[in-house]
Structures are given as C-alpha cells and as structure tokens.
Amino acid sequence: MKIDVKVSEMLDGQFMEKCFACGEKVIIAPHVLLRKISRGLGLDMNCVERAVFLKGAVPERYARNLMTFSAEEQRQLFFSKVAMVGIGGLGGHLLESLARAGVGHITACD
C-alpha cells in the first residue's frame, strides 16, 4: 500500500473547521494528529503535511498564515521551491521569513 494512501486513510474524519474574520471557512488538520501519524509510520512531517494539502485541508501550524494567505495560496507555497543565494544579514532574515511563510523546499547558498 502506498504511504500516501495510508496517511490519507489515517486522516479521514480527523479534521476540524475554522472560520476566519473574512468569512472563509478552512479545514484544519490538528498538529497533534499529524505528529502521531508521523511518529507512528516513521515519516518526516513534510510527507504527512503533503497528504493533508492533497486532501484539501491545511495543517494547523500554517493556520496563523491564513490571515495573510488563502488556503489555496498556502498550498501553493507548500509545493513551491525557492533557491536563495546570499544568506548574510538581509538574506538570513528573508530565508527565515520564507520558512515561516511555509515554502516547502528551500535551497540556500552563501
């Protein structure tokens, strides 16, 4: 059985819905559940979060970003890749901002 299918089955019925001030309702996957699945299957959290996004939900740790980004924009950030050259004074701050925003794959070079 593919691991994505197994993770997806473990996520079924475990989501919660959160309403934001703008009126948008978003399906959220609780962080505790994702950690439990990650540890139980011996997977990196990135694999579990990918399954959550593929099911149309958002991992709870990205919920704070939903005041700035829509759920679809957060999904696009998660599946995006960034290469950054120069991580000195300004670059280091930008790198941290990209990571906190939820960019899924970052390659940094100094």
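Author: Helices (H or I, at least four residues) and strands (E, at least two) are DSSP runs, numbered from the N terminus. The model is predicted, so local features need pLDDT of at least 70 and side-chain atom pairs count only at pLDDT 80 or more, while totals for chains, interfaces and linings use all residues. Residues are numbered from 1 along each chain as its sequence is written, and side-chain values use heavy atoms, with hydrogens and water left out.

The strands form an open sheet of three, in the order S1-S2-S3 and with mixed pairing, where two strands pair if DSSP finds at least two bridges between them. Strand S1 (16-19) and strand S3 (58-59) are the edge strands, each pairing on one side only. S1 and strand S2 (residues 25-29) are antiparallel and share four bridges, and Cys19 has Lys25 in S2 as its bridge partner.

Now for the side chains: a nonpolar core is a set of buried Ala, Val, Leu, Ile, Met, Phe, Trp, Tyr and Cys residues joined through side-chain atoms within 4.5 Å, and buried means under 20% relative accessible area, exposed over 50%, and partly exposed in between (1.4 Å probe, protein chains only). The largest nonpolar core has eleven residues, among them Val7, Leu33, Ile37, Val48 and Val52. Helix H1 (3-11), helix H2 (31-41) and helix H3 (45-54) each supply at least two residues of this core. Apart from it lies another core, of ten residues, including Phe20, Val26, Ile28 and Val58. Val52 is in contact (heavy atoms within 4.5 Å) with residues including Leu11, Phe15, Ala29 and Val58, not counting residues up to four places away in sequence.

H3 also packs against helix H4 (residues 71-78), at an angle of about 145° and with the axes 11 Å apart; axes are lines fitted to C-alpha atoms, for helices over the stretch in contact, and angles run from 0 to 180 degrees between N-to-C directions. Asn46, Glu49, Arg50 and Phe53 in H3 meet Gln74, Arg75 and Phe78 in H4. In the loop between S3 and H4 we find Arg61, which counts as partly exposed because its relative accessibility is 42%.
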